[in-house]
Amino acid sequence: MSLSLCLTSLASFSSSSPQSHPTIPLLKHRNPAIFPSRKLLIKSHPIRSVQEQFDHQEPLSPTTPKWENILSDAASLYPLYVTAGGVVACVKPSVFGWFVERGPASYSLSLGLIMLSMGITLKIRDFFNLFLERPFSILFGCIAQYTIMPTFGLIISKALRLSPSLSVGLILLACCPTGAASNVVTLIAQGDVPLSIVVTICTTFGAVILTPLLTKTLAGAFVPVNSAGLSISTLQVVVSPILLGSYMQTMFPQVVKAITPFSPLFAVLTSSLLACSVFSENVVRLKSSMVSASLASDASPFLRIQSLISGEFGRVMLSVLLLHFAGFFIGYIAASIAGFGERQRRTISVEVGIQNSSLGVVLARSHFRSPLVAMPAAMSAVIMIIMGSSLGFFWRNIDPSESNNNPEADGGKRC
């Protein structure tokens, strides 16, 4: 999913130590209510804002209006929306028929609006300032994203012997940029939030070239891949809306300020609709796989489960689970080997493990004939968020400062 609109508020939180990162106003703080309930997030260890971390004389932000807190809490329920939508898609796929019938145009439009929500919270100047301040950690995160995930996408598709359509879908998902839901998970996990934001933006811009190139290279053996078409679509539905939103913020600041509180919930609901609509397209096929599995053997439950996993439904779910697990785990290990501190390790782990599944859905529906190509990205929307949120709350209860005895640990290699 692309919970990309959280950039402005996320920048108001810092997960890095005072010694490692000087105060840099990455994005102007306008709406502290964009994030999930503060009561939930600060239950174990308080999260301080960027200014509060580095300058304790700074006063706290004014009290957020109650209605903005309600919108924020509603937006934080993204996993619930996707799960509920998936259940509805299984029980009555026709509920999403109006959206599916207008695809792929409806898919492209919805993703473009999500990216526009991200753009209105972004100041390009502040983005470049932070990039120049911490080039090594940002480049490392980007390289890890576009090497670890594509490699394991190919390995898993071959290991599980997925069909050509599902193999292309998994590889396409693996070649997509980081999803901005990673920013929220990084916040929960007490990671390096500014680093998370900039890596998300960099990988998103890089997707115009790298996603088509890597998909063609790794999946071209399964089906023909139109890399030029993928590149143009990525530019249209991802990069252009972000730049437009950033321009709107500069030219119409009052309008942007008025609509920003509503952007998170809008993007969350739109992403849920997008994922569940694609899922509903494949429900009939998945149901037949499950039914055949249940009838395949009247022996032990173990054999029935084995039959289900060996079917199409089980393989898709298992492949997506393994892909995201590999991203979280290998991303953390790679950052550890590179000498980064605990906060940066968590951040890079989350950045690598969470994908922009909405982009995967749009590209799959726009450029491939088989609806199965979009299936891994659609299932990833809920699996990825559940895995990422669970990891975030696990790390939430482990103080990252305990590993900061090394003076370079928390800052990593910054040149």
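Buried here means under 20% relative accessible area, exposed means over 50%, and partly exposed is anything in between, with a 1.4 Å probe and protein chains only. By that rule Ile242, at 0% relative accessibility, counts as buried. This is a predicted model, so local features need pLDDT of at least 70 and side-chain atom pairs count only at pLDDT 80 or more, while totals for chains, interfaces and linings use all residues. Residues are numbered from 1 along each chain as its sequence is written, and side-chain values use heavy atoms, with hydrogens and water left out.

**The chain overall**

- Of the 415 residues in the protein chain, 55% count as buried.
- Contact means heavy atoms within 4.5 Å. Among contacts in the protein chain with a separation of 6 or more, 84% come from residues 24 or more positions apart.
- The protein chain exposes about 17,300 Å², and carbon and sulfur atoms supply 67% of that. Accessible areas come from the Shrake-Rupley method with a 1.4 Å probe, and for residues only the protein chains shown count as cover.

**Around Ile242**

- Ile242 sits in helix α13.
- Leaving out residues up to four places away in sequence, Ile242 touches Met115, Met118, Gly119, Leu122, Thr204 and Phe205.
- The C-alpha atoms of Ile242 and Leu116 are separated by 5.1 Å, although the two residues are 126 apart along the chain.

- Patches are built from residues with over 30% relative accessible area and no salt bridge; like charges are joined within 9 Å, and nonpolar side chains (Val, Leu, Ile, Met, Phe, Trp, Tyr) within 5 Å.
- Leu244, Tyr247, Met251, Phe252, Val255 and Ile259 make up one such nonpolar patch, with about 580 Å² of accessible area together. The elements giving two or more residues to the patch are α13 (227–251) and α14 (253–259).
- The largest share, three residues, comes from α13.
- Met251 lies in α13 and is partly exposed, with a relative accessible area of 45%.

**Salt bridges**

- A salt bridge is a side-chain nitrogen of Lys or Arg within 4 Å of a carboxyl oxygen of Asp or Glu, and by this rule the count comes to three.
- Asp192 and Arg134 meet through their side chains, at 2.4 Å from N to O. Asp192 is in the loop between α11 and α12 and Arg134 in the loop between α8 (124–133) and α9, so the pair ties together parts that are 58 residues apart in sequence. Both Asp192 and Arg134 are buried.
- Glu342 pairs with Arg345, the closest N and O atoms being 3.8 Å apart. The two are three residues apart in helix α19 (residues 342–353), which means they are separated by about one helical turn.
- Glu342 also meets Arg346, at 2.9 Å from N to O. This pair is four residues apart in α19, so again about one helical turn separates Arg346 and Glu342.
- Together, Glu342, Arg345 and Arg346 are linked in a network of salt bridges. Glu342 is buried at 8% relative accessibility, Arg346 is buried too, and Arg345 is partly exposed, with a relative accessible area of 22%.

**A helix crossing**

- The axes of α5 (residues 78–91) and α21 (residues 375–396) come within 9 Å and cross at roughly 145 degrees. Axes are lines fitted to C-alpha atoms, for helices over the stretch in contact, and angles run from 0 to 180 degrees between N-to-C directions.
- α5 passes α21 in a left-handed crossing, where the near helix is turned anticlockwise from the far one by less than a right angle (clockwise would be right-handed).
- On the α5 side, Tyr78, Pro79, Val82 and Thr83 meet Ala381, Val382 and Ile385 of α21.

**Positive phi outside glycine**

- Arg161 has a positive phi of about 55 degrees although it is not a glycine. Arg161 is in the loop between α9 (135–159) and α10 (164–174), and is exposed, with a relative accessible area of 70%.
- Gln190 has a positive phi too, near 60 degrees. Gln190 is in the loop between α11 (181–188) and α12 (193–219), and counts as buried at 9% relative accessibility.
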